[in-house]
Amino acid sequence: MRARLHHIRADALDGATAQTGGMRRFAAISGQRVGSERIWMGQTHVAPATASANHHHGASETAIYVVKGHPEFVFADDTSGTREEVRLRTAPGDYVFVPPYVPHREENPSPDEEAVVVIARSTQEAVVINLPTL
């Protein structure tokens, strides 16, 4: 599989990947699908007025590109010595970087527009560890 290019059409994304409640992930590039060894890439869709469950992505670095909507990324920051919940409000064209093991969740505050993001991870499969809290 690694000796050729792979074309994954938008209508051929695979929903049989790691999931978190409140959102839907679709794999495009993965070790299983195309033989990648160091990257996973796909889309995440968050329905209107929905928040995902809290989760992290293990040792994987995650890069996010906002395609549609205004998703919000929420995490607990304690770098100042005081733990506080931080909310990153995004718009189409924005990028977000999620370091390994950082608990977070995605929220879509729009009452009527789905949020869609493209995700790239530094692992060949989607790593998702769902958590009860941030």
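Ala 49 is exposed, with a relative accessible area of 60%; here exposed means over 50% relative accessible area, buried means under 20%, and partly exposed lies in between (1.4 Å probe, protein chains only). The residue belongs to the loop between β2 (40–46) and β3 (50–51), and its phi is positive, about 55°, although Ala 49 is not a glycine. Most residues other than glycine have a negative phi. Tyr 101 likewise is not a glycine and has a positive phi, of about 65°. Tyr 101 is placed in the loop between β8 and β9 and is exposed, at a relative accessible area of 53%.

The model is predicted, so that local features need pLDDT of at least 70 and side-chain atom pairs count only at pLDDT 80 or more, whereas totals for chains, interfaces and linings use all residues. Residues are numbered from 1 along each chain as its sequence is written, and side-chain values use heavy atoms, with hydrogens and water left out.

The overall form comes next. The secondary structure of the protein amounts to one helix and eleven strands; helices (H or I, at least four residues) and strands (E, at least two) are DSSP runs, numbered from the N terminus. In order from the N terminus, the elements are β-α-β-β-β-β-β-β-β-β-β-β. The radius of gyration is 15 Å, close to the 14 Å that the globule rule gives for 134 residues, so the protein is as compact as a globular protein of that length. This radius is taken over C-alpha atoms, and the globule rule is 2.2 Å times the number of residues to the power 0.38. The C-alpha trace spans about 50 × 35 × 25 Å along its principal axes. Of the 134 residues, 38% count as buried. Of the contacts between residues at least 6 apart in sequence, 72% join residues at least 24 apart, where contact means heavy atoms within 4.5 Å.

Five strands form an open sheet in the order β1-β2-β10-β5-β8, with antiparallel pairing; two strands pair if DSSP finds at least two bridges between them. At the edges stand β1 (24–29) and β8 (95–98), each of which pairs on one side only. Neighbouring strands of this sheet are turned by 25° against each other on average, direction ignored. The axes are lines fitted to C-alpha atoms, for helices over the stretch in contact, and angles run from 0 to 180 degrees between N-to-C directions.

Strand β5 (residues 62–68) is joined to the antiparallel strand β10 (residues 115–121) by six bridges, and Tyr 65 has Val 118 in β10 as its bridge partner. Between β5 and β8, the antiparallel pairing extends over four bridges; there Ala 63 stands opposite Phe 97 in β8.

The largest nonpolar core has ten residues: Ala 27, Trp 40, Ile 64, Val 66, Phe 73, Val 96, Val 98, Val 117, Ile 119 and Ala 126. A nonpolar core is a set of buried Ala, Val, Leu, Ile, Met, Phe, Trp, Tyr and Cys residues joined through side-chain atoms within 4.5 Å. At least two residues of this core come from each of β5, β8 and β10. Leaving aside residues up to four places away in sequence, Val 117 touches Gly 42, Gln 43, Thr 44, Ile 64, Tyr 65, Val 66, Val 67, Pro 71 and Phe 73. In soluble globular proteins, nonpolar side chains tend to be buried together.

Charged side chains complete the picture. The structure holds seven salt bridges, a salt bridge being a side-chain nitrogen of Lys or Arg within 4 Å of a carboxyl oxygen of Asp or Glu. Arg 87 forms one with Glu 72, the closest N and O atoms being 2.8 Å apart. Arg 87 lies in strand β7 (residues 84–89) and Glu 72 in strand β6 (residues 72–77), so the pair ties together parts that are 15 residues apart in sequence. Arg 87 is partly exposed at 28% relative accessibility, while Glu 72 is buried, at 10%. Arg 87 also meets Glu 107 in a salt bridge (2.5 Å, N to O). Because Glu 107 lies in strand β9 (residues 104–108), this pair ties together parts that are 20 residues apart in sequence. Glu 107 is buried, with a relative accessible area of 16%. Salt bridges that share partners join Glu 72, Glu 85, Arg 87, Arg 89, Arg 105 and Glu 107 into one network.
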